[in-house]
Amino acid sequence: MISCEYLIVGAGFAGAATAYHLTRRGITDVFIVEQETIPGFHSSGRNAAMIRQCVSDPALAQLARDGAAFLRHFPPDWPVPVQFKQNGSLLLGIGEGWEKLKRDAEDGRALGVDVAMWTPAQAKSYVPVLGDAEFDGAVWCASDGIIDIHALLSGYLKASTARGAGIRYGAKVQAIEADGSDRLHVEVEGETIKTKLLINAAGAWANVIARMAGAAELPLRPCRRHLFVSPPLDWADPSWPFVWDVSHDIYFRPEGAGLLLCACDQVELPPGDPPVDAAVGELLAEKIERYMPALSRVSINKSWAGFRTLSSDGRFIIGRDPKIPGFFWVAGLGGHGVTTSSAVGSLAADLIVDDGDKISGAFSPARFSR
């Protein structure tokens with residue numbers, strides 16, 4: 001039997017960043033279990049790797065700002081090099097979408113995020129492929145960009161294990177039981193791990209883990225999203241920012257000598273390895289033809305699908321379970337897990353160590369039982 005104070009289920013960004021910040025605080029009795037044989041096999045390794053700070057919810061915006069600041073300036077003891085291409089971002093909007101974007105930008109500016117309002121002419125001059133697109137304005141954020149997600153995840157995990165945390169891959173949780181004291185017994189591939197606090201960072205499987213423990217089952221939806229990559233394009237500029245039309249739910253960014261594109265599809269599925277749906281490629285083509293016609297000549301040579309796990313109110317779930325004292329949630333990061341990873345891990349570590357209630361309980365699991 002293995003015994004530890006803190007057992008983290010999931011070695012994606014939520015679990016790895018939480019382990020990182022716990023060990024930075026001198027807490028070394030941390031153990032991570034991951035059901036896959038490598039970290040980041042699901043959501044953490046299949047996302048678009050975009051660092052975006054201009055978001056709608058002020059509480060989320062604060063985490064995005066703090067998380068992005070960490071990614072621009074890693075601490076001196078960070079164990080691996082991580083490439084961060086600070087090309088910026090352009091968020092496009094029309095009608096009500098543009099009015100909302102302007103409000104989001106003002107909220108971000110109040111938090112210290114570097115944003116500016118651009119006219120359509122400014123945006124089209126900077127990214128000429130937008131020449132035929134119709135939008136009322138754009139929000140430019142110069143400090144956004146693209147990061148190497150695999151190196152980032154590796155850095156969190158290497159720094160954690162260097163400080164004493166343990167990790168085991170290919171270790172699927174099979175059962176969770178209370179032992180009558182303050183400990184949980186977690187069955188993992190034929191072995192029992194006894195822990196004082198189970199930290200549920202299982203992504204799309206978060207409610208599966210909660211059910212095993214008898215914890216509250218929270219309103220989380222694992223939703224599939226596709227990404228598409230073009231072959232090299234002689235007219236695509238690698239220095240372009242990522243461009244997101246938030247009114248019509250489509251985005252693209254440089255990827256090597258080509259482009260990565262997304263139709264922002266969102267279909268709820270049971271947790272697993274989501275299959276690619278060819279119909280989403282057709283949806284992407286329709287959106288391009290309608291909203292970004294200059295991209296109609298782009299062909300696709302690669303695609304994949306991953307999960308974004310969303311809560312019912314769009315906010316993360318970070319905090320102690322309202323039913324099981326030895327159960328802590330770090331879940332529902334949706335499409336913001338990379339940007340906010342360090343801030344999420346820091347907040348989780350603060351709540352675990354200090355048992356406090358930061359950001360007015362904005363992310364508390366208990367909010368769903370009020």
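**Exercise 1. Determine whether the radius of gyration of the chain in this predicted model agrees or disagrees with that of a compact globule.**

Solution. The chain has 370 residues, and for that number a compact globule would have a radius of gyration near 21 Å. The chain has 21 Å, so the value agrees with the globule rule. Next, take the extents: the C-alpha trace spans about 65 × 40 × 40 Å along its principal axes. Then take burial: 56% of the 370 residues are buried. Finally, consider the contacts between residues at least 6 apart in sequence: 75% of these join residues at least 24 apart.

**Exercise 2. State how many helices and strands the chain has, and what share of its accessible surface belongs to carbon and sulfur atoms.**

Solution. The chain contains eight helices and 20 strands. Its accessible surface comes to about 14,800 Å², and carbon and sulfur atoms account for 49% of that area.

**Exercise 3. Classify the aromatic pair of Tyr 20 and Trp 78, and find which parts of the chain the pair ties together.**

Solution. The search of the whole structure gives 17 aromatic pairs. In one of them, Tyr 20 and Trp 78 have ring centres 5.4 Å apart and planes at 75 degrees. An angle over 60 degrees counts as edge-to-face, and this pair is therefore edge-to-face. To place the residues, note that Tyr 20 belongs to helix α1 (residues 13–24), while Trp 78 is in the loop between α2 (58–72) and β4 (84–85). The pair therefore ties together parts that are 58 residues apart in sequence. For burial, the cut-off is under 20% relative accessible area. Tyr 20, at 1%, counts as buried, and so does Trp 78, at 10%.

**Exercise 4. Repeat the analysis for Trp 240 and Phe 252: which class of aromatic pair do they form, and are they buried or exposed?**

Solution. The centres of Trp 240 and Phe 252 are 6.4 Å apart, with 70 degrees between the planes, and the pair is edge-to-face. Trp 240 lies in the loop between β13 (220–229) and β14 (242–245), and Phe 252 in strand β15 (residues 250–255), so the pair ties together parts twelve residues apart in sequence. Both residues, Trp 240 and Phe 252, are buried.

**Exercise 5. Identify which residues ring pairs link into a cluster with Tyr 20 and Trp 78, and which rings have Arg 46 and Arg 297 over them.**

Solution. Ring pairs link Tyr 20 and Trp 78 with Phe 13, Phe 70, Phe 74 and Tyr 156 into a cluster. Turning to the charges, Arg 46 lies over the face of Phe 41, 5.0 Å from the ring centre. The charged end of Arg 297 sits over the ring of Trp 235, at 4.3 Å from its centre.

Terms used. Residues numbered from 1 in each chain as written. Predicted model: local features only at pLDDT ≥ 70, side-chain atom pairs only at ≥ 80, totals over all residues. Heavy atoms only, no water. Phe/Tyr/Trp six-rings, centres within 6.5 Å; stacked < 30°, edge-to-face > 60°. Helix = DSSP H or I, 4+ residues; strand = E, 2+ residues; numbered from the N terminus. Buried < 20%, exposed > 50% of the residue type's maximum accessible area, 1.4 Å probe, protein only. Lys NZ or Arg CZ within 6 Å of the ring centre and 35° of its normal. Rg over C-alpha atoms; globule rule 2.2 N^0.38 Å. Contact = heavy atoms within 4.5 Å. Areas by Shrake-Rupley, 256 points an atom, 1.4 Å probe, with all protein chains shown as cover.
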